[in-house]
Amino acid sequence: MIVENTPVATVTGLYRGTFSGLEPLTKDTPLTLDEVRRNPIFYELELDPDEEDTDLIVDIIYDNMSPMRLQDLFRGSDIPKGVRFWPDWFDIPPYQKMTDMDGRRVYPRAPGIHTVRIRTARRKITQRGKKRDFSPENHGYISPVYEFAIAADTGESRE
């Protein structure tokens, strides 16, 4: 008998924060260098209603770097109960040039096209401080690749 494990949460989109709300973030709507320095990028989670009391673990994979751990999300405090979608956010790594955990040189804030993948799974009490489990058995999920652009500094601000 095959048991299908549905993801505890899936990512439905990336967004930039503006004064008028959240706008979809794509490679056709580049972030300015000022936006990269000051504003987080929002991602929207669609939460599985059958896993209503489950806490989440979340990692981000930026430009194919090693996964970076994001804050654990606790249902009832970080994610209110009964909410179907939930926006969370991450910052682009705050370096012009860095070395990732694998020793590769990367340029996270350089102008050009960048990629993001987000993975989610159930948070188990026994996982605290240990290796995190994003397997399908733990209702794990990895998003498709999202692309967004960072514009070269032209001295003008985006309106």
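Which residue stands opposite G112 in strand 11?

Modeller: A caution before the answer: this is a predicted model. The residue opposite G112 is I150, in strand 11.

Start with the pairing around that spot. Strand 9 and strand 11 run antiparallel and share five bridges. Strand 9 covers residues 112–122, and strand 11 covers residues 146–150. Strands in a sheet pair through backbone hydrogen bonds, and the sense is either parallel or antiparallel.

Strand 9 has other partners. With strand 4 it pairs in the antiparallel sense over seven bridges. Strand 4 spans residues 56–62. Strand 10 is residues 141–142. Strand 9 and strand 10 pair in the antiparallel sense too, over two bridges.

Now look at the rings here. Y62 and F148 form an aromatic pair. Their centres are 6.2 Å apart, the planes stand at 45°, and the pair is tilted. Y62 sits in strand 4 and F148 in strand 11, so the pair ties together parts that are 86 residues apart in sequence. Are these two residues buried or exposed? Both Y62 and F148 are buried.

Two loop residues deserve a stop. The first topic is backbone angles. Most residues other than glycine have a negative phi. H139 has a positive one, near 60°. H139 lies in the loop between strand 9 and strand 10. It is buried, because its relative accessible area is 11% and the limit for buried is under 20%. N64 also has a positive phi near 60°, and it is not a glycine. N64 belongs to the loop between strand 4 and strand 5, the latter being residues 68–69. N64 is exposed, because its relative accessible area is 56% and exposed means over 50%.

Walk through its pairs. Strand 1, residues 9–18, pairs with strand 3 in the antiparallel sense over seven bridges. There, A9 has L47 of strand 3 as its bridge partner. Strand 1 also pairs with strand 2 in the antiparallel sense, over four bridges. T18 stands opposite G21 in strand 2. These two strands form a hairpin, with two residues between them.

Y43 and F90 have ring centres 6.2 Å apart and planes at 35°, so the pair is tilted. Y43 lies in strand 3, residues 41–47, and F90 in strand 6, residues 85–90, so the pair ties together parts that are 47 residues apart in sequence. Both Y43 and F90 are buried.

Strand 6 also holds P87. P87 counts as partly exposed, at 40% relative accessibility. Compare its place with that of D72. The C-alpha atoms of P87 and D72 are separated by 14 Å, and the two residues are 15 apart along the chain.

Last, the empty space. Rolling a probe the size of a water molecule over the atoms shows where such space is left. The structure holds one cavity of 30 Å³ or more. The largest cavity has a volume of about 50 Å³. What lines it? The lining is R16, G17, L31, E35, V36, N39, P40 and I41. Strand 1 and helix 1, residues 33–38, are the elements that give two or more residues to this lining. By class, the lining has four nonpolar, two polar and two charged residues.

How values were computed: Residues are numbered from 1 along each chain as its sequence is written. This is a predicted model: local features need pLDDT of at least 70, side-chain atom pairs count only at pLDDT 80 or more; totals for chains, interfaces and linings use all residues. Side-chain values use heavy atoms; hydrogens and water are left out. Rings of Phe, Tyr and Trp (its six-membered ring) pair if their centres lie within 6.5 Å; planes under 30 degrees apart count as stacked, over 60 as edge-to-face and the rest as tilted. Buried means under 20% relative accessible area, exposed over 50%, partly exposed in between (1.4 Å probe, protein chains only). Two strands pair if DSSP finds at least two bridges between them. On a 1 Å grid over the protein atoms alone, a cavity is a set of points where a 1.4 Å probe fits but cannot get out, and a pocket is an open set with protein on both sides within 12 Å along at least five of seven lines; lining residues have an atom within 4 Å of a point. Grid points are joined across faces, edges and corners, and a volume is the space filled by probe spheres set on the points. Ala, Val, Leu, Ile, Met, Phe, Trp, Tyr, Cys and Pro count as nonpolar, Asp, Glu, Lys and Arg as charged, and the others, Gly among them, as polar.
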